[in-house]
Amino acid sequence: MKLVVLGASRVVLTLVALWALLGAVVPPVMERYRAFNIALGANAGCIRGSPCERPLESVYAHPLAVVVGEATLRSLALLAGVALLALSVGVLLGIAGALLRHRPWRAGLLAVGLALVAAIPSFFLAYFLQLAVVFLGGMVGRRLVPVFGFGLDAHLALPLLSLAVPAVAATAHLTAARVGEVLDADFVTAARAKGLPTSWLVRRHVMPHAAPLTLEAAVSGLRVSVASLPIVEYLFVWNGVGYIALQAIAQKDAPALVASALVLAALFSLLGLAFELRQAVFYRLAAAR
Amino acid sequence: MRRVDPWLIVGLALVGALVAVAAYGERFAPYEPIYSVTRGPDGERPPFPPGGLFLLGSDNAGRDLLSLVLHGARATLAIVCLAGLIRLVAGTAAATLAIHSASIRVVVDASAEVVSAIPTTLLALIVVLAFFGPDTPAVAFVGALAVAGWAGPYRVLRAELARLRGATFTEGARALGARSRDILLRHHLPHLVPVLALSASQQVAWSFVALAELGVLGAFVGAVRPLDGLRVPQIPEWGGMLATGRTVQNLYLTRWVFLVPAAALALAAVAVALAGTALARQYARRNFFSELRPRRGLVGALAISLALVPAAMLPERYAAAPQAAREARALAALPPVDDTASVERAFREAGLHPIGGQYAVERRATQVLQTGRARLTLQTPAGEVELREGWDRESDFAPVLYRATGGGRHELPVVFAGWGISPRDFPPKLSTTWAPPDFGSAVRSWADDYAGVDVRGKALLVLRLAAVKTGTSGAVIAPAVDAFIEGAFRRGAAAVLVADPRRKQQAVSRGGNPYRDLAEVDPPQDPARPPAFVVDVSVADQLLAGSGPTASEIYASFSPFPGARDPRLEASLSRPLAAKIRIDLPVEIVERTSRTLLAATRADLGDRAVVIWAVAPSRLDRSRAAAAALHAAVRSLKGSEATVVLVLFDTFGDVRENALAVRERLNGLRVDLVLGMDALAGPKLRFITPRADLQPVIDHYAAKANVPFELTLESGEANWPTGLVAFIEHPNVLVTGTGGPGDRTADAAALIAYVVARYQARSPELYR
């Protein structure tokens with residue numbers, strides 16, 4: 001409980017400090033930017049005084065809180081997908097890697113592949129996913145999945161993949177290492193000697209040991225995804241909170257930028273807190289054992 | 001000999017290759033970034049595919065991608081390496097301080113928490129915006145990437161230092177009395193080498209990504225020019241190239257435009273990451289510093305110097321051009337020679353050849369001109385005041401000479417006619433609900449300024465009205481000033497004084513002065529017409545003093561513009577005044593021969609040429625600075641193999657006809673570039689060109705010739721007569737001063753010499 005209170009206070013203090021900092025810095029920066037009749041890519045061609053300089057409240061015809069709130073929900077939809085993929089595909093890949101650990105070529109190939117994929121920034125991945133989908137679509141002669149736009153349907157595929165692949169790879173990498181360790185433990189050897197099937201072993205005996213680290217890896221991957229949200233949402237025109245932050249810059253709307261940056265920071269800090277609490281609980285349990 | 005990790009050799013070789021590309025890429029690139037092809041051999045538009053015009057294809061602006069990648073390597077690597085290094089140094093310094101002081105640790109931890117809470121790209125973008133402008137400096141990007149990324153290395157190094165601090169060897173060293181600094185430098189630093197190497201490579205690789213992301217979001221290093229709806233950065237930094245290459249068309253059809261810079265970025269990131277990882281592995285269990293013996297260090301330093309020094313020694317492309325610019329600048333520093341006879345003599349002495357048998361193209365012409373200084377003397381109850389003519393800061397008035405006005409000597413009583421508006425002069429136009437209101441509708445409820453005053457035979461003072469507010473945020477622009485002047489003349493005014501608060505602002509503008517534009521578009525015809533002047537608000541204040549609100553007070557009370565439904569305007573501001581004005585404006589019909597000089601560097605003109613076009617006297621400021629610049633540049637043309645045509649253009653009479661006479665003499669010669677020079681006053685030079693592809697070219701030339709200039713970010717045409725209209729279909733650039741104090745004659749001469757030297761060296765952008 002003490003840890004939760006301490007962690008939550010730190011998150012609150014961070015957000016307050018950030019609010020004060022952005023509140024002091026962003027308005028003059030926006031004012032200076034407004035002085036130049038230049039627009040960023042999100043709004044190229046936007047000229048001074050034209051409608052594209054309208055505040056986001058006016059653009060979306062809703063109060064700022066509603067605009068940012070709805071955008072946050074759209075981003076959370078992506079992040080939930082990322083978490084789901086990291087915990088399902090990532091764990092399965094990790095278990096596969098662990099089971100293959102005594103086959104050097106296959107295990108090495110999987111490990112190198114996962115490390116490489118984890119190292120690809122979401123931004124590049126987004127670019128090349130778009131390119132691949134367009135290319136393949138051209139080959140088969142029909143549109144495979146949309147490469148731009150928002151929608152809780154096929155539109156989800158590419159932004160979700162761009163954000164999830166690094167998180168999945170990181171989760172799989174750590175899960176493989178931990179599950180491999182547990183599979184080599186004496187109690188597992190004893191269980192095998194008794195004739196227990198591998199699937200049973202993994203489900204009932206190995207995963208409970210590997211779960212804390214797996215969860216940590218997934219949360220860590222999610223933090224990377226939050227950091228990549230603005231650029232990925234921008235590339236796929238997914239109007240989540242990252243996109244709103246960039247649109248606020250293009251529209252020279254300081255309050256909207258501060259609000260959306262604070263939401264992103266809150267997501268990042270809360271995931272950090274979850275990560276630390278999970279770690280603390282895990283190590284306390286380990287010490288108790 | 002200890003075994004060296006083969007991956008380290010591969011990594012260092014790749015990094016070495018990158019450094020070589022950064023050092024030598026510009027020199028060995030097939031083209032400069034300013035060279036673009038706007039139409040392919042079959043008239044197709046860029047981007048051009050690989051293997052055709054260019055080995056790796058072209059970008060959307062028609063520039064060679066290979067050349068851009070080679071040119072951009074230096075800027076890209078400099079930015080990301082510097083940013084990565086600053087991140088690492090800042091992170092290490094913060095970690096070292098934090099590990100030794102709990103209070104510092106609290107502050108640094110909190111700062112790191114705040115910085116890392118915002119996504120890196122967003123934070124970097126906000127920092128870049130703080131320095132954003134038409135020419136965002138590279139240092140803004142270095143700063144942005146550093147600010148957004150120092151927290152990562154800080155966390156890693158703090159954890160590592162904390163681990164080392166608790167190690168037994170540290171305790172032993174401390175027990176032996178070693179100081180903290182010695183422990184850090186002698187014992188901890190060798191242990192930190194692998195972490196530092198890995199962290200450095202990660203930071204550089206992440207900086208590559210962040211730079212590309214900033215480019216995608218539209219934040220580019222250096223000047224950015226609009227081109228067909230795209231924004232093209234002048235500095236071919238790889239992130240910017242990747243960003244501008246990501247259009248829908250490029251995604252579907254012309255993928256090479258972004259694949260080439262993406263490949264360059266990816267290769268560079270892999271090389272740096274590989275070198276860092278291999279270095280970390282190599283020194284995981286070895287002491288880097290003990291292996292770094294002085295002799296090895298010396299050999300290494302020597303090898304690096306040998307590899308990089310030639311880059312500094314190699315002459316730049318077109319090295320003769322800056323030299324020619326320097327020579328021309330030195331000649332221009334001598335006392336100016338700008339009269340036509342001296343320039344003709346200089347042509348002869350430089351061995352330049354006349355075109356069509358003689359240097360001069362002469363045309364007989366008449367023109368109504370102001371032949372001397374204008375004098376205005378105010379006679380007010382406070383006394384007599386002589387005003388100063390001109391457009392500079394100290395001046396009070398300027399004549400407005402155009403078709404409806406003239407000159408002469410007059411002594412007239414002054415009458416004030418407010419805004420000079422009679423709603424009858426501006427009948428409202430029929431408009432729909434959706435159309436913006438017209439001026440007539442806006443002022444229809446206003447009082448008639450002529451109703452209460454008799455203006456016949458008097459000098460009329462009116463206040464210039466720029467616009468009228470309509471509704472809460474809209475405004476309708478007032479008609480041009482000639483409508484108000486002619487309205488006064490129709491009512492019998494003998495002279496008009498227009499008080500304009502923006503007069504001095506317009507004095508330094510180029511092509512934005514409505515009073516001078518009137519003279520050029522619609523020149524004066526009859527010296528006997530009544531005179532008109534534009535005067536400062538201070539002059540109007542002197543005339544209005546003691547009779548009611550002054551001009552300054554009126555403008556202040558209606559700031560920024562009067563409203564269409566302002567009830568105060570239902571009564572006119574007009575009133576008779578006790579002041580008189582004495583006017584002396586010498587305007588005459590002048591008949592003389594315009595004499596334009598024309599010479600070429602080759603007797604046979606060949607089939608193509610560059611034309612240097614110096615306008616003297618300028619119709620803008622009456623100066624002959626362009627002639628002086630041409631005179632200074634003439635000597636640098638000796639021995640020219642390429643055809644350069646020099647023109648000293650006389651603007652007297654009909655400018656267009658004079659220019660067409662010159663063009664006729666050139667007899668269908670293909671003109672690769674017309675470089676016009678006119679009115680060279682101001683702190684910087686400004687370039688006006690209708691061709692988007694010439695903007696980076698002329699800016700690049702000016703930078704190389706060491707000329708102060710304003711970036712050319714938009715296409716345009718000069719709207720005062722320079723004679724360049726005769727070459728409208730040829731590539732043309734008008735060089736002019738930005739206005740105000742300063743003389744740019746020497747810079748213009750240097751630029752002429754530079755352009756000619758490039759043309760002689762067959763620079764491809766001039767032979768398109």
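Let's start with chain A. It has 10 helices and zero strands. Read from the N terminus, the elements go α-α-α-α-α-α-α-α-α-α. So much for the order of elements.

Before going on, a word on what you are looking at. This is a predicted model. Its scores are ipTM 0.86 and pTM 0.78. For chain B, the mean pLDDT is 87. In that chain, 96% of the residues reach 70 or more. Helix H18 of chain B, residues 503-507, has the lowest mean pLDDT among the chain's elements, at 71. Strand E13 of chain B, residues 495-499, has the highest, at 96.

Back to chain A, and its dimensions. The C-alpha trace spans about 80 × 60 × 25 Å along its principal axes. The chain has 289 residues, and 46% of them count as buried. Now contacts. Take the pairs in chain A that are at least 6 apart in sequence: 76% of those contacts join residues at least 24 apart.

Next, the surface of chain A. The accessible area comes to about 13700 Å². Carbon and sulfur atoms account for 70% of it. What about charge? Chain A carries 22 positive and 12 negative charges. Their mean positions are 9 Å apart.

Now for some backbone details. Most residues other than glycine have a negative phi, and most peptide bonds are trans. Here are some exceptions.

Two of them sit in loops of chain A. Take A:Ala61. Its phi is near 55°, a positive value, and it is not a glycine. Find A:Ala61 in the loop between helix H2 (56-60) and helix H3 (64-99) of chain A. Then there is A:Lys252. That residue is not a glycine either, yet its phi is positive, about 60°. Look for A:Lys252 in the loop between helix H9 (241-250) and helix H10 (254-288) of chain A.

Are these two residues buried or exposed? A:Ala61 has a relative accessible area of 62%, so it counts as exposed. A:Lys252 has a relative accessible area of 4%, so it counts as buried.

On to chain B, and its cis peptide bonds. Where do we find them? One joins B:Pro46 and B:Pro47, with omega about 10°. B:Pro47 lies in the loop between helix H1 (6-28) and helix H2 (65-100) of chain B. Another runs from B:Ala616 to B:Pro617, with omega near 0°. B:Pro617 lies in the loop between strand E17 (608-615) and helix H22 (625-634) of chain B.

Last stop: a sheet in chain B. Three strands build it, in the order E1-E2-E3. The sheet is open, and the pairing is antiparallel. Which strands stand at the edges? Strand E1 (135-136) and strand E3 (230-233) of chain B do. Each has a single partner strand, so one side of each is left without a neighbour in the sheet.

Look at one pairing in detail. Strand E1 of chain B meets strand E2 of chain B, residues 222-227, in the antiparallel sense, over two bridges. What is the bridge partner of B:Asp135 in E2(B)? The partner is B:Ala223.

To recap with the structure in view: chain A has helices and zero strands. Chain B has the three-strand antiparallel sheet. That's the tour.

Conventions
Residues numbered from 1 in each chain as written. Chains lettered and ligands numbered in written order. Predicted model: local features only at pLDDT ≥ 70, side-chain atom pairs only at ≥ 80, totals over all residues. Heavy atoms only, no water. pLDDT = per-residue confidence, 0-100. Helix = DSSP H or I, 4+ residues; strand = E, 2+ residues; numbered from the N terminus. Buried < 20%, exposed > 50% of the residue type's maximum accessible area, 1.4 Å probe, protein only. Contact = heavy atoms within 4.5 Å. Areas by Shrake-Rupley, 256 points an atom, 1.4 Å probe, with all protein chains shown as cover. Lys, Arg positive; Asp, Glu negative; His and termini not counted. Charge placed at Lys NZ, Arg CZ, Asp CG, Glu CD. Pairing = 2+ DSSP bridges.
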